[in-house]
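Here are my notes on the model you sent over.

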Amino acid sequence: NEPISPLEKSLEEWQTLLPDDACRVLFKEATEPPRTSPLNDEKRVGTYICAACHLPLFESTAKFDSGTGWPSFFLAIEGRVETKRDFKMILPRVEYHCVQCGGHQGHVFRDGPAPTGQRYCNNGLALMFIPVDDDLQHDAPNNWPTLVPRIPRASNRSNAIASGQKS
């Protein structure tokens, strides 16, 4: 496991790269309304990646229907998220962020299924889904939800993120 280098971008840079609603969730720690994400109904095999920096965060095999209205997972890919205490709702919660860009993903609770007992409750706007038969070297399908940025071709992806070009 290679260490993941953090991306150093200002809020202004992220605002030029992301749709407003995704930027609010990822970098202002907003929460999208429940039952609004098309990812709630995603059943294909694949990987869920950070909508900002495209780092893989969850495998579809860890996804489950929590009944909460947000995409939920019982296990993150090792080393891909960081947690911190959140006191915004008076009672402390544990929020988690993408380790590479710092984008807010959601909160983790201790009421999930076996084998971990955890529920990573994720904002759909903070994620993109890559089907197993696709990869990051191809553009996102034409029917990709318009709420998230399209993935540039691999040869351009790192350059676009590093230079601040909109995906």
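**Notes on the fold and a few local spots**

1. Going along the sequence, the protein chain reads α-α-β-β-β-β-β-β-β-β-β-α. That is 3 helices and 9 strands, where helices (H or I, at least four residues) and strands (E, at least two) are DSSP runs numbered from the N terminus. Bear in mind that this is a predicted model: local features need pLDDT of at least 70, side-chain atom pairs count only at pLDDT 80 or more, and totals for chains, interfaces and linings use all residues. Residues are numbered from 1 along each chain as its sequence is written, and side-chain values use heavy atoms, with hydrogens and water left out.

2. Some overall numbers. Of the 167 residues in the protein chain, 45% are buried; buried means under 20% relative accessible area, exposed over 50%, and partly exposed in between (1.4 Å probe, protein chains only). The accessible surface of the chain comes to about 9100 Å², and carbon and sulfur atoms own 51% of that (Shrake-Rupley method with a 1.4 Å probe; for residues, only the protein chains shown count as cover). Among contacts with a separation of 6 or more, 53% are between residues 24 or more positions apart, a contact being heavy atoms within 4.5 Å.

3. Now the sheet. Six strands make an open sheet in the order S3-S4-S8-S7-S6-S5, with antiparallel pairing; two strands pair if DSSP finds at least two bridges between them. At the edges sit strand S3 (63-64) and strand S5 (81-86), each pairing on one side only. Inside that order, strand S7 (residues 104-109) is joined to strand S8 (residues 119-122) by 4 bridges, and the two run antiparallel. If you want a spot to check by eye, Gly106 stands opposite Asn122 in S8.

4. Between S7 and S8 there is a loop that holds Pro115. Have a look at the peptide bond from Ala114 to Pro115, which is cis, with omega near 10°. For context, most residues other than glycine have a negative phi, and most peptide bonds are trans.

5. What about the cysteines: how many disulfides does a search of the whole structure find? The count is 0, with a disulfide taken as a pair of cysteine sulfur atoms within 2.5 Å. For Cys53, the closest cysteine sulfur is in Cys98, 3.5 Å away, so that pair is too far apart for a bond. Cys101 is in no disulfide either; its nearest cysteine sulfur, that of Cys50, is 3.6 Å away. Cys53 counts as buried at 5% relative accessibility, and Cys101 is buried too, with a relative accessible area of 9%.

6. Glu29 is in the loop between H2 and S1, and has a positive phi of about 60° although it is not a glycine. Arg35, also placed between H2 and S1, has a positive phi of about 60° without being a glycine. Glu29 is partly exposed at 24% relative accessibility, while Arg35 is exposed, with a relative accessible area of 61%. Asn40 counts as buried at 19%. Leaving out residues up to four places away in sequence, Asn40 touches Arg35, Lys63, Gly69, Trp70 and Pro71.

7. Last, the aromatics. There are 7 aromatic pairs, using rings of Phe, Tyr and Trp (its six-membered ring) with centres within 6.5 Å; planes under 30 degrees apart count as stacked, over 60 as edge-to-face and the rest as tilted. One of them is Tyr48 with Phe129, tilted, at 4.8 Å centre to centre and 50° between the planes. Tyr96 and Tyr120 form an edge-to-face pair, 5.0 Å centre to centre and 85° between the planes. Tyr96 is in strand S6 (residues 93-98) and Tyr120 in strand S8, 24 residues apart; both are buried. Tyr48, Phe58, Phe73, Tyr96, Tyr120 and Phe129 form one aromatic cluster.
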